Amino acid sequence: MLATYPYQGRTFSFDPAAPIDISLPLAPGDQQVNCFWAEPVQFETIRVGNFVGSVAEGGSTNYKRVHLTPHGNGTHTECYGHISAEPSATLDRCLRRFLFVAKLISVAPRRQDNGDEVVMLADVQVAFQNLGSHVELTPEALILRTLPNDETKQTRHYSGTNPTYIEPSLAQYLAEHHVQHLLLDLPSVDREEDGGALLAHHAFWQYPHATRHEATITELIFVPDVVQDGLYLLNLQVTSSVLDASPSKPVLYRLI
Ligand SMILES: N[C@@H](CC(=O)c1ccccc1NC=O)C(=O)O
């Protein structure tokens, strides 16, 4: 059974029973994706008096404390609070809608003279054109799958490896075209070590001169090869943490 979704004067259809989860799991141990020198996720069994929060150890319930670093462990979504001192710049205030029309494109980064691998604006523009159908449709969200798309992206330890990032002019272009949400399979839109410049973050949020308060960036997604480039309905879910970032669960539905 198909459901319909209206967008820019058209009616699209999607199958609610066919979700495509593009988040990475949050699990303890060193088999998980990791970046920015974060400690691995930890789930700690709570013990109080005779109580043990582990059914395996004889307790009545599982009851654990979670230790995690949103920017360093797994799929996460952030708002401009990532680069702002404003106390009100928290994701729970910025992200108030959870369904968006998204385009998924695949782009290979280009090696720069200094050895950096960078996703270039020109290549993204070509990929947009190559989508064929719905070329004229400006999406609310852009999902960037970098090539090659090997499975190791799900478990990579990125810290200290100078991972791929995006050209700041690409972030600027997305802001100018009112793309509110950027999702990508990299640890950051900016260079791992850039002296605190964070040029693409600033360009995407137009911070601080014309801050795009509702715009978000989602990092460390993984889009399997079987998912084709094209038009999707994106359901972007986060925790209600009062923080600049949250672990997140982006889920796609193919739009037809
Ligand atoms: N590149 C920045 C650091 C940075 O971007 C960052 C540091 C810790 C956690 C997350 C970061 N950026 C993520 O988007 C710098 O060199 O200061």
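This is a predicted model: local features need pLDDT of at least 70, side-chain atom pairs count only at pLDDT 80 or more; totals for chains, interfaces and linings use all residues.
Residues are numbered from 1 along each chain as its sequence is written, and side-chain values use heavy atoms, with hydrogens and water left out.

Select the ligand. Around it you'll find F36, H82, S188, R191, E192, E193, D194, G195, G196, L198, H201 and E219, each with a heavy atom within 4 Å. That shell splits into two nonpolar, five polar (Gly counts here) and five charged residues (Asp, Glu, Lys and Arg count as charged).

Now pick out the polar contacts (N or O pairs within 3.5 Å). S188 puts a polar side-chain atom 3.0 Å from a ligand oxygen. The side chain of H82 has an N or O atom 3.5 Å from a ligand oxygen, and G195 brings a backbone N or O atom to 3.5 Å from one. The ligand on its own has 410 Å² of accessible area (Shrake-Rupley, 1.4 Å probe), and the protein covers 74% of that.

Next, the rings. Phe, Tyr and Trp rings pair if their centres lie within 6.5 Å, and the count is four aromatic pairs. Show F204 and W205: they are edge-to-face (planes over 60 degrees apart), 6.3 Å centre to centre with 65° between the planes. F204 counts as buried because its relative accessibility is 0% (the cut-off is under 20%), and W205 is buried at 0% too.

Note on methods. A polar contact is a pair of N or O atoms within 3.5 Å; within protein, one must be able to donate a hydrogen and the other to accept it, and residues adjacent in sequence count only if both atoms are side-chain atoms. Rings of Phe, Tyr and Trp (its six-membered ring) pair if their centres lie within 6.5 Å; planes under 30 degrees apart count as stacked, over 60 as edge-to-face and the rest as tilted. Buried means under 20% relative accessible area, exposed over 50%, partly exposed in between (1.4 Å probe, protein chains only).
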